[in-house]
Amino acid sequence: MEQGFGSDPSGSTIDKTRVLDVKPLRCLSPVFPSASEMSSITTPQPSPFVCITPTGPFPSGVTPIFPFLSPDEPVRMGESSQQTPNQVPNQGTFGFGQPISPIPVNSFGNQTANGSSGHVNNVGDSGSGKKKGGPKKPRKVPPENVVEVDVEPLLNQLLMSFKLVDLDQAKKADGDKEVVRRILLVFDLFRRRMTQIDEPRYGAGSGRRPDLKASKMMMLKGMRTNQTKRIGNVPGIEVGDIFFFRMELCVVGLHAPTMSGIDYMSLKLTKDEEPLAVSIVSAGGYDDDGGDGDLLIYTGQGGVQRKDGQMFDQKLEKGNLALEKSVHRANDVRVIRGVKDVANPTGKIYIFDGLYKIQGSWEEKNKTGCNVFKYKLLRVPGQPEAFKVWKSIQQWRDGVVSRVGVILPDLTSGAESQAVCLVNDVDDEKGPAYFTYIPSLKYSKPFLTPRPSLGCQCIGGCQPDDTNCPCIQRNQCLLPYSSLGVLMTYKNLIHECGSACSCPPNCRNRMSQGGPKVRMEVFKTKNKGWGLRSWDPIRGGCFICEYAGEVRDIGYDRDDNYIFDATRIYEPLEAVHDYNDESRKVPFPLVISAKNGGNIARFMNHSCSPNVYWQLVVRESNNEAYYHIAFFATRHIPPLQELTFDYGMDKADHRRKKCLCGSFKCRGYFY
DNA sequence: GATGTCTCAAGATA
DNA sequence: CTATCTTGAGACAT
């Protein structure tokens with residue numbers, strides 16, 4: 001909320017009187033509501049406002065629309081659908097509002113089963129006959145009562161929302177930033193949605209490889225880009241971009257093989273062709289040496305029997321041959337470094353570390369005495385840092401090297417479980433204007449609900465397959481969060497567990513209640529005042545923080561630069577305008593000021609192409625409803641990338657400020 | 001073209 | 001926490 005502050009083109013300067021030195025910032029401890037405010041919470045008085053909950057009832061002339069579209073239909077089939085009163089017909093909800101119809105088991109991904117082929121439309125005939133007539137491989141049979149869900153309509157809706165339905169051949173061959181981003185978004189949203197649908201039906205984690213399912217269906221529809229192999233950078237992908245699945249590398253053409261570490265292409269240079277390496281993945285599968293960040297000693301492929309682990313000599317063929325040829329051609333080779341995902345010990349994160357050149361190769365004996373090929377790669381100079389940033393952060397964390405420019409090690413004074421440091425390595429400003437750090441939203445009085453809502457009895461936390469849990473029922477019978485805390489769908493409203501629930505604070509349905517899960521820092525930006533970023537990588541859909549502050553019941557000071565106003569017009573993520581044009585007019589009357597007190601969210605700057613979005617969350621207990629604004633990552637966010645969200649459009653055309661987000665679709669101003 | 005083999009996955013299970 | 005099992009997509013050889 002600092003953007004534009006002090007950067008007014010009219011020449012006004014920063015008000016130094018409002019900028020305090022380090023010491024007062026130590027006072028940023030949580031301040032709780034005064035006794036009188038407290039009492040209004042415990043004994044609610046008649047609310048002066050009209051009660052409008054996102055699910056209705058709505059005053060006459062008001063349509064429930066974005067971000068308060070109709071509740072999704074229950075997805076689980078074979079169960080009595082819990083129709084909520086006030087349910088309105090489904091409208092477009094970015095591909096997630098459609099009810100899902102059950103089709104017989106095995107029909108997904110196997111077009112020969114039960115004659116249910118044909119629901120994959122738009123498919124080239126290249127792969128459709130592959131399994132024709134062949135004997136079916138024995139498959140692990142899903143539990144008896146599991147009904148396979150036809151997820152294709154979900155993908156179709158997503159593709160429509162993100163304008164990918166008629167992706168032309170040129171874009172499939174060579175992408176750009178926009179196409180790459182949309183494809184990744186659809187892939188991840190689709191994958192997350194399938195994870196959510198599968199989990200209660202197959203058990204935790206599902207084991208159904210939703211990543212493979214998602215990529216398969218997208219590839220069948222030709223929804224991929226940069227399919228032409230190329231040497232060097234890939235359009236739309238920047239050095240430092242991160243990925244959470246090998247399939248993501250595949251659908252955007254950064255690294256085509258699904259498992260293999262070496263991607264190569266054949267190139268006609270003279271009269272005959274020769275294979276050249278274009279991309280490698282170093283992810284710990286072999287005994288590579290990661291070097292100091294600019295150097296990489298890469299091991300060739302092969303030499304080990306996958307089934308029994310038996311070793312033999314590597315051969316100079318396939319990827320190894322391509323790498324050998326590339327030594328002599330001295331072509332650029334993309335390097336993707338795989339690292340362990342701290343937030344998910346079984347998972348990996350893939351960092352695009354830019355272009356390298358192979359300096360040389362040799363053969364050596366490994367521990368078992370077999371010959372392996374080694375390739376020495378050196379990073380091409382002049383590229384933005386990527387993997388090196390990760391190494392630096394690790395050193396800060398380990399305390400080996402201290403972070404430059406730290407003003408305060410923890411500006412929350414312990415109010416959050418993770419420390420948030422205050423950093424300025426661009427100028428001598430000592431800190432933001434004084435405020436009180438409060439980790440959550442302060443209500444003077446809650447919204448009232450028309451009927452009392454029941455708390456759950458889930459002693460060990462709400463479980464995805466518990467159909468009796470009232471909190472899960474309120475979320476259309478699907479837990480909104482994955483086991484990793486990733487939001488699985490875009491919804492009008494998320495019902496989290498409230499104070500009347502028996503579940504513990506670490507319940508999966510209380511994701512927005514525990515404060516930030518990643519290591520944050522508030523830092524001085526070059527031209528936008530203070531900003532917020534994370535030391536940790538953030539997966540798309542991850543909870544970031546809520547917007548803490550004081551709920552404003554009666555208007556607010558227009559000079560308040562720390563307002564969150566849900567009554568503004570917000571674009572429904574990056575989905576197209578016309579798709580939900582009707583749907584973005586009725587706002588929710590929640591206005592928060594973080595001027596005097598707030599959390600890290602008050603430092604998030606505006607961007608017209610943001611990497612964070614907000615989502616309305618409600619925690620109910622009895623007749624009280626507490627609405628909160630929770631922020632989630634729109635996409636995978638690499639460490640130290642600034643976190644931004646769209647401040648929305650103000651209906652009254654006042655106090656617009658010049659936008660400095662630098663996005664190619666910048667509106668030029670913000671409110 | 002069907003089939004087999006290989007590959008720096010990703011989950012589930014033990 | 002790691003070891004191992006399981007199911008795999010796509011590239012290439014047979």
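Close-up 1. Is Cys-608 buried or exposed? Cys-608 is buried, with a relative accessible area of 8%. Buried means under 20% relative accessible area, exposed means over 50%, and partly exposed lies in between (1.4 Å probe, protein chains only). This is a predicted model: local features need pLDDT of at least 70, side-chain atom pairs count only at pLDDT 80 or more, and totals for chains, interfaces and linings use all residues. Residues are numbered from 1 along each chain as its sequence is written, chains are lettered from A and ligands numbered from 1 in the order in which they are written, and side-chain values use heavy atoms, with hydrogens and water left out. A disulfide is a pair of cysteine sulfur atoms within 2.5 Å. By this rule the structure has 0 disulfides. Cys-456 is in none; the nearest cysteine sulfur belongs to Cys-462 and is 3.7 Å away. Cys-456 is buried, at a relative accessible area of 0%. Cys-608 is in no disulfide either; the sulfur of Cys-659 is the nearest, at 3.9 Å.

Close-up 2. Rings of Phe, Tyr and Trp (its six-membered ring) pair if their centres lie within 6.5 Å; planes under 30 degrees apart count as stacked, over 60 as edge-to-face and the rest as tilted. The structure holds 19 aromatic pairs. One of them joins Phe-564 and Trp-614, edge-to-face, with 5.1 Å centre to centre and 85° between the planes. Phe-564 lies in strand S18 (residues 563–565) and Trp-614 in strand S22 (residues 612–633), so the pair ties together parts that are 50 residues apart in sequence. Helices (H or I, at least four residues) and strands (E, at least two) are DSSP runs, numbered from the N terminus. Phe-564 is buried at 1% relative accessibility. Trp-614 is buried at 9%. Both belong to one aromatic cluster, together with Tyr-547, Phe-631, Phe-645, Tyr-647 and Phe-670.

**Close-up 3. Charges over rings.** A charge sits over a ring if NZ of Lys or CZ of Arg is within 6 Å of the ring centre and within 35 degrees of the ring normal. The charged end of Lys-524 meets this rule over Trp-530, 5.9 Å from the ring centre. Arg-602 lies over the face of Phe-603, at 5.2 Å from the ring centre.

Close-up 4. Two strands pair if DSSP finds at least two bridges between them. Here 4 strands form an open sheet in the order S11-S17-S19-S18, with mixed pairing. Strand S11 (441–442) and S18 stand at the edges with a single partner strand each, so one side of each is left without a neighbour in the sheet. S18 runs antiparallel to strand S19 (residues 591–593), joined by 3 bridges. Ile-563 stands opposite Ser-593 in S19.

Close-up 5. Strand S9 (residues 420–423) pairs with strand S14 (residues 520–524) in the parallel sense over 4 bridges. Cys-421 stands opposite Glu-521 in S14. Asp-410 sits in the loop between S8 and S9. Asp-410 counts as buried, at 13% relative accessibility. A polar atom of its side chain lies 2.9 Å from the backbone nitrogen of Gly-414.

Close-up 6. A residue is near a strand if one of its heavy atoms lies within 4 Å of it. Around DNA strand C are Leu-212, Lys-216, Met-219, Met-247, Thr-258, Met-259 and Tyr-264. Of the atoms of DNA strand C that come within 4 Å of the protein, 62% are sugar and phosphate. A base nitrogen of DNA strand C lies 2.7 Å from a polar side-chain atom of Thr-258. Helix H6 (residues 210–220) gives the most to this surface, with 3 residues.

**Close-up 7. Helix H3.** In helix H3 (residues 152–161), 7 of the 10 residues are buried, so the helix is largely enclosed by the rest of the structure. Among them are Leu-154, Leu-155, Leu-158 and Leu-159. Just after H3, Lys-163 takes a positive phi of about 50°.

Methods. A polar contact is a pair of N or O atoms within 3.5 Å; within protein, one must be able to donate a hydrogen and the other to accept it, and residues adjacent in sequence count only if both atoms are side-chain atoms.
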